[in-house]
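Hi there,

Here is the structure I promised to pass on. Have a look at it first, and my notes follow below.

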Amino acid sequence: MTDPSPVFTADNLRKSFSTPRGPVKAVDGISLELAPSDFVALHGPSGCGKSTLLLIAGALLSPDEGTIRIDDADPYALDANGRAAFRAANVGFVFQQFHLIPFLDVLDNVLAPQLSGREDRGALRTRALELLEKFNLSHRLNHVPSALSVGEQQRVALARALLKSPRLLLADEPTGNLDEENARVIMDHLSEFAKNRGAVLMVTHDPAARASAKRSLHLEAGRITA
């Protein structure tokens with residue numbers, strides 16, 4: 001029996017930025033592979049390249065060198081519109097700051113960023129309602145973000161990320177603003193996503209969050225060191 005194809009691969013990624021003191025190598029020759037049901041935590045000091053690597057993995061920041069593939073497709077081979085459509089269909093994002101739209105209610109925050117002219121809006125709405133019920137937010141559908149607790153806001157953001165059943169979920173400090181109980185809830189949902197054949201790549205400084213991952217990689221000066 002052959003191994004399943006990886007959800008995500010990165011091959012010799014490099015990314016530098018210009019600064020007044022000269023170029024800085026944010027990502028310096030990183031190669032990485034995530035199989036179905038993989039859950040990888042990235043950790044390391046501030047400025048070591050974790051968030052840059054996450055942006056490249058999510059087809060949001062082109063590398064200077066190297067390639068990525070998500071389900072054996074190269075999003076950087078597409079034009080800007082094609083890459084955006086690919087990203088929306090295949091990658092979910094969860095951030096520390098939630099990035100909810102302040103004047104939209106919970107249901108529209110889950111739906112609005114994901115709608116284009118081609119989707120079945122009724123099917124997406126049904127999926128959104130299912131996720132919000134699963135995350136114990138059915139009673140908050142008509143509330144705007146400012147009326148929610150911090151933990152509820154992060155669950156809304158996670159529902160938004162999972163709406164289109166992506167293959168790859170990228171999380172940047174998803175528990176950074178949460179108390180211990182809400183952090184555990186978020187990590188349980190991320191672990192469940194991975195168990196259902198998705199793959200999770202997470203940046204975290206939280207030892208408890210890192211312990212929830214299947215494996216942990218340490219970054220230093222743009223390189224995986226352990």
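**What I found**

Helix H1 lies across E3, strand E6 (168-172), E7 and strand E8 (215-220), and runs at about 155° to E6. Please keep in mind that this is a predicted model. H1 itself covers residues 50-57 and is mostly covered, with six of its eight residues buried. Those buried residues are Lys50, Thr52, Leu53, Leu54, Ile56 and Ala57. After H1 comes Ala59, which has a positive phi, near 60°.

**The sheet**

In what order do the six strands of the open sheet stand? The order is E5-E6-E7-E3-E8-E9, and the pairing is mixed. Strand E5 (91-95) and strand E9 (223-224) are at the edges with a single partner strand each, so one side of each has no neighbour in the sheet. Strands of a sheet pair through backbone hydrogen bonds, in either a parallel or an antiparallel sense. For strand E3 (residues 39-43) and strand E7 (residues 199-203) the sense is parallel, over four bridges.

**An aromatic pair**

The count of aromatic pairs comes to one. The ring centres of Phe93 and Phe95 are 6.0 Å apart and the planes are at 5°, so the pair is stacked, given that planes under 30 degrees apart count as such. Phe95 is partly exposed, with a relative accessible area of 25%.

In soluble globular proteins, nonpolar side chains tend to be buried together. In this model the largest nonpolar core has 36 residues, of which Phe39, Leu158, Leu169, Leu190 and Met202 touch the most other members. The elements giving two or more residues to this core are E3, helix H3 (106-111), helix H4 (121-134), helix H5 (150-162), E6, helix H6 (180-195) and E7. Leaving aside residues up to four places away in sequence, Leu190 touches Phe39, Leu158, Leu169, Ala171, Pro174, Val200 and Met202. Another core, of 29 residues, lies apart from the largest one and includes Phe8, Leu13, Leu53 and Leu201.

Helix H6 also holds Asp188, which is partly exposed, with a relative accessible area of 43%. Asp188 and Leu32 are 156 residues apart in sequence, and 24 Å separate them in space, C-alpha to C-alpha.

**The whole protein**

Stepping back, the protein has seven helices and nine strands. Its radius of gyration is 18 Å, close to the 17 Å that the globule rule gives for 226 residues, so the protein is as compact as a globular protein of that length. The C-alpha trace spans about 50 × 50 × 40 Å along the principal axes. Buried residues make up 48% of the 226 residues. Among contacts between residues at least 6 apart in sequence, 71% join residues at least 24 apart.

Key. Residues are numbered from 1 along each chain as its sequence is written. This is a predicted model: local features need pLDDT of at least 70, side-chain atom pairs count only at pLDDT 80 or more; totals for chains, interfaces and linings use all residues. Side-chain values use heavy atoms; hydrogens and water are left out. Buried means under 20% relative accessible area, exposed over 50%, partly exposed in between (1.4 Å probe, protein chains only). Two strands pair if DSSP finds at least two bridges between them. Contact means heavy atoms within 4.5 Å. Axes are lines fitted to C-alpha atoms, for helices over the stretch in contact, and angles run from 0 to 180 degrees between N-to-C directions. Rings of Phe, Tyr and Trp (its six-membered ring) pair if their centres lie within 6.5 Å; planes under 30 degrees apart count as stacked, over 60 as edge-to-face and the rest as tilted. A nonpolar core is a set of buried Ala, Val, Leu, Ile, Met, Phe, Trp, Tyr and Cys residues joined through side-chain atoms within 4.5 Å. The radius of gyration is taken over C-alpha atoms; the globule rule is 2.2 Å times the number of residues to the power 0.38.
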